[in-house]
Amino acid sequence: MARNKETLVLLLDVGPSMHNFLPEIEKLCSRLVQMKLVFNKNDEVGVVLFGTHDTDNDLANEIGGYQNLVVSQRLKVVNGDAVQSLENLPRGTTNVLDAIVVGMDMLIKKYGVTNKGKQRICLITNAMSPVKEPYDNAQQDQVDIISTKMKESRMKLECVIIKGNKNEAGIHIIVDKNERLLQKFSMKTTTKIVHVGNPTSILGAIRTRRIAPVTIFRGDLEMGTLMKIKIWVYKKTSEEKLPTLKYFTDKAPPSDKFATHEIKVDYLHKCFDDPNKVVPPEQRIKGYRYGPQVIPISSDEWDTVKFKPEKGVKLLGFTDASNIMRHHFMKDVNIFLPEPGNQKASIAVSAIARGMKETNKVAIVRCVWRNGQENVVIGVLTPNISSSDKIPDSFYFNALPFAEDVREFQFPSFSKLRPVYQPNAKQQEAADALVKMLDLAPSGSEESLNPDFTINPLLERYYHFLELKSRKNDAELPPLDASLKRIMEPDPDLLSQNQAIIDNFRSLFELKINTKKRRVSGKKVWEDIDTVLNETDYKTPNNASNELAVPRIGDLDPVKDFETMLERRDSSEWIIKAIECMKNYIFNILESSYDGDTFPKAIECLKSFRKGCIVEQEPKPFNQFLYNLHKIWGKTDLCNFINLMAFEGITLINKKEAVDSDATEEEAKLFLKRI
Amino acid sequence: MTMEMDPEGFFREYSDDENDFNQEKESTKEFIVYLIDASPKMFAPLDRDLNKKNETHFHVALASVVSSLKNQIISHTYDEVAICFFNTKEKKNLQDLNGVYVFNVNERDFLDRPTARLIKEFDCINEKFSSQIGSHYGIISGSHENPLYNGLWVAQALLRKGSNKTVDKRIILFTNEDDPFGNIIGPTKADMIRMTIQRAKDIRDLDLSIDLLPLSRTEDKFNVSTFYADLLDLDDNEVSQFITYAVERMDDMSNQLRKRMHKKRKLRTLVFSIANGISIGVNTYALIRPTKPGSITWLDSISNRPIKTERSFICSDTGALIQGPSQKFSVYKSENIVFSVEELSELKNICNGQLHLLGFKPLSCLKDYHNLKPSTFIFPSDDEVVGSTLIFIALHQSMLRLKRFALAFLGISSNPRIVALVAQAEISSSNCQMEPPGMHIIYLPYTIDIRHPEESIIDDAAVRTKATDDQIQKALSLFKKIYLKDFSVCQFSNPALQNHYAILQAIALDENEMPEVEDETLPDVEGMLRSSIVDAMNEFKNAVYGENHDQEEYESIETKKSATDTLKKRKNNAVSENLLHQYSAFEWEDLAENGKLKHLTVVQLKCYLTVHDLPLSGKKEVLISRILTHMNK
């Protein structure tokens, strides 16, 4: 346990310019300590605040200077108090940046040169505080001294720099200076600098759970038989799940101090045919389905014949990056690093990675990570070019699907859908504007909701609740924090900035709840939308008031709508249009009918359609429509409708009724019979 | 690469009206009658292949039916099949028609799900065929028999079962006779042809399809226009391509990938809320998921009957049985923090299950390591909100053109996540859709899911880690040599899965030999040894490793080995000295005699065992008894 323990000093800037960010920093740091309480109970944490009004630190007491720095918590094993104290940081008044020295001093005093590589300093600042004058001249020397010391004890420095408002006069220069100073650190020591800009990403600026990296493979990347590259493979991403909780029982008497309160889950295997007969677990055997039968095969039997690939990572070849679809990535991601300290391996990986990047190529590899693994993984290596001299280039590895994993479902082509589904130029323009303007990564400013700095709202809520419950047994679940809503809902500022674009988009596309389909009850979400849409209908001007200008066949009274359209005499186009609309309407309600629920309405419409066509002496569209209906649906579950049509006596319009008809009275009768 | 039995069903009629995507007919299963010609001509030896002397068209037909059945039993377990011979001596069919024999095994209807037994017995029918069923060409002058007609009739009758709405019904006809009525003349011939074609037409009218697989593969040997074009109602175009298609299909039947088929089924319907109350309906589909061998059923190894498992909760402290525990806990700050089940479900309920658009980003923001699990496909649906498809298509096109993806929050309560929606344009080859149009949901990691192992392994030694331009150039020429031009993810079948199915089949069918499944994922070792590749590889190797790499490697291994060897030796010596010292500290015989061995520690006991080269495993009692046995006591 202790072998793996970390000592962390948090250096927090609480100066005036930081006050706006402190709520997020409080959340981040208290969560960081809390996660240590859950997962790394032996870790030690110290907290140094700088920019405070008071001064209280060893160096100030011993040698003077180091003003406005307070050690708010000395290094000690994490406990619940630390979580609370970090939740309420004091607001300071002045600015300084000597904190690193104080933090380092704390670590060195406690450990000297022991405990190498397990000490970390996290600095959170906006780097707007000028470094104090006396040191200004000797800055270079000071940095040198500090970084040498840090290197000696292999301390890691993690700097979170909050990009604030740089417009204030003079601030710009200070920030640049400070950053240069930190850059110098990073040249000599293991320093990571992270820039964050908005409150949401501050919450994710430091990874709150510390997991010691473990390799999943160490060995050769085999390039044919001729060449091998020594690599280590680690996980790059791995889903952090909500902790699994144990079942709780309070059956034990309160006096029992050693009660575990656990519940044991017991499994009893019983014969299917005879529920009284219990089968001991070792008497069970696995059965595999083969057609209607189940074939019992013992695990020993499988062991002798099952697929046993040899451990190893083999290169199959290189291919164009465009041959690999992004959505084919199957799992969490691994990273292939050259063996540490092996220059040859680093260079070989670097040459291939940079070559891939330059020519847009990827490598296909076949991997068996350990002996005894029962399957192989085919995956793709993509380059990860490091921007730091200290970190070698590497590959990301993503598993790819096998032929069996791809399900070939067919979907209709968008281009072949009916015109009613195709956006017109105006609509397309509005969509373009929306995609362009609802921009989360505007050039020149920070990318919002970058996964690397976005916290998991569910986990955040769980740990917050856990902390509350630990303080007060019957704490209630607090409502969702506003900072988490920023992850789950669109940014209101972004929406209001683009209000005009959204309104335009909305006015060009008409949405309507599909009333024809019987919906599963209890789907509240749809009902919500229903109301929203109804409100919209009410608000949008071109619906109700302009009825005359743009008539259409609506759901309310289609027969009347149709008649209204036919009665319009301002253009002969209306008849054709009315017929078209009616055809589509009938077709649609039939198509979406559920258990015949739309049939009566469709029959009404069809009758009116037939009447209209006779009045207008336009028999052909109607007859054609009937033929089509019969042809398409005569043999499907809609044949009931056809039968109903026959029962209602709806048939072709014959010559007697409309001269243009090709159908005689006889044929019309026959048509009915054929149904 | 077609994996379905008959993806297009090339004889099936399509209604090409304006009704588009709501009308997809999705049959859940297929009923197939294999109708095999058993006329003497089928038994004529094939001259083209001298190696297999006894190979006949009949064998070829049987073999492809067997492989098709073996595939069906794994991939389409609920399909039903019947096997039917025509032109036979014996007859066995419900209509009692001459010259038609329906093959079957016990415990099975004529048309039923394939069983291991059916496959096994059918596989050896060849030996018994002449004695039990017999070949006899029925269509001769004056007999008025028409076994082809009878065969079709029997097949049609078999397929009367089940509803046309849920089942695809097909007759697959195997024959090498392109002119079945060639032997007869006069009005009888015309009559018979007319009857047979009418029968086929009736079958098609009933929505059953007929596929013909001619066994002669060249057009001069099997002229489809002689008779079958009329039977199958082919147009000129179809006639001209008929043989090519048929050959492809025969090949398909015999080398099919064993894979369980999935019915196209939507995962869920989501509300995709875009902004300010604009919400559309979309359906999600699992297009890519790792396939596992079918589910297992636990059996009682004695009776081979299925077992059901019951779960019960027992309080660890009191041993009392608990009905449906309602609280869970976690230890935090050394205390039990208890949550009720309701609290937990409320905790998880952070979003209303919708897909919320957050905004758009350029595709370059989607990094290769932003991935956690297989993607999910989304396709619009107007079922709930009319107009959804139109909006979806408009956004889809904008995203493709502007090379942007949408960032959204998928608020399903089991695992709410930030997701990327990546638009995918349709990609299709000649008659097959490779990538459907729509969007893919990529599940993004949160900061806590991303690890930084590359930062933690930095060591002090200042090693140069970046390649020079020359080294990169050498890598580029290597890429050109080991270039997989048309690599596609579907290229490889999963060797573990294929092996699993093959073994299952061998055990189910009681086959003696365990099948060898080819592992397609292994690299082409021989190909990699082609001189051009070797040259490029060596050049690259020399550029990055230096000329003397192998020698250096060898030496470093040798030094390491000798170093560890001496170390080991030294250690061994030290250990054995120590051991002997300890060993001699005890009077082993006395201790054993007086039963005092049990007073020694395990370490001390092991001294004895090591010195006498005995195994060290087991508990203390085992060690003692081993020592005693060694002393012959």
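Tutor: Let's begin with a cut-off: a residue is buried if 20 or more other C-beta atoms lie within 10 Å of its own, exposed if 12 or fewer, and partly exposed in between. Keep in mind that this is a predicted model.

Student: Thanks! Why is B:Asp207 called partly exposed?

Tutor: B:Asp207 has 15 C-beta neighbours inside 10 Å. Exposed would need 12 or fewer and buried 20 or more, so with 15 B:Asp207 counts as partly exposed.

Student: Where is B:Asp207 in chain B?

Tutor: B:Asp207 sits in the loop between α5 (186–205) and β5 (209–214) of chain B. The phi of B:Asp207 is near 75°, a positive value in a residue other than glycine.

Student: Let's turn to chain A. What makes strand β4 (residues 119–125) of chain A mostly covered?

Tutor: Six of the seven residues in β4(A) are buried; each of those has to meet the cut-off of 20 or more other C-beta atoms within 10 Å. For the whole chain, 39% of the 675 residues of chain A count as buried.

Student: How do you know that strand β1 (residues 7–13) of chain A pairs with β4(A)?

Tutor: Pairing needs at least two bridges between the strands. Six bridges join β1 of chain A to β4(A), and the two run parallel. A:Val9, for example, has A:Ile121 in β4(A) as its bridge partner.

Student: Which sense does the pairing of β4(A) with strand β5 (residues 156–162) of chain A have, and over how many bridges?

Tutor: That pairing is parallel as well, over six bridges, and two would be enough to call it a pair. Here A:Arg120 stands opposite A:Lys156 in β5(A).

Student: How many helices and strands does chain A have?

Tutor: Chain A comes to 22 helices and 18 strands. Among its contacts with a separation of 6 or more, 69% are between residues 24 or more positions apart.

Student: What does UniProt list for residues 276–417 of chain A?

Tutor: The unreviewed UniProt entry lists "domain: Ku" there. Over residues 276–417, chain A is 17% helix and 34% strand, with the end C-alpha atoms 60 Å apart.

Key
Residues are numbered from 1 along each chain as its sequence is written. Chains are lettered from A and ligands numbered from 1 in the order in which they are written. This is a predicted model: local features need pLDDT of at least 70, side-chain atom pairs count only at pLDDT 80 or more; totals for chains, interfaces and linings use all residues. UniProt positions are given in the numbering used here, feature names are shortened, and annotations may be inferred rather than shown by experiment. Helices (H or I, at least four residues) and strands (E, at least two) are DSSP runs, numbered from the N terminus. Two residues are in contact if their C-beta atoms, placed from the backbone, lie within 7 Å.
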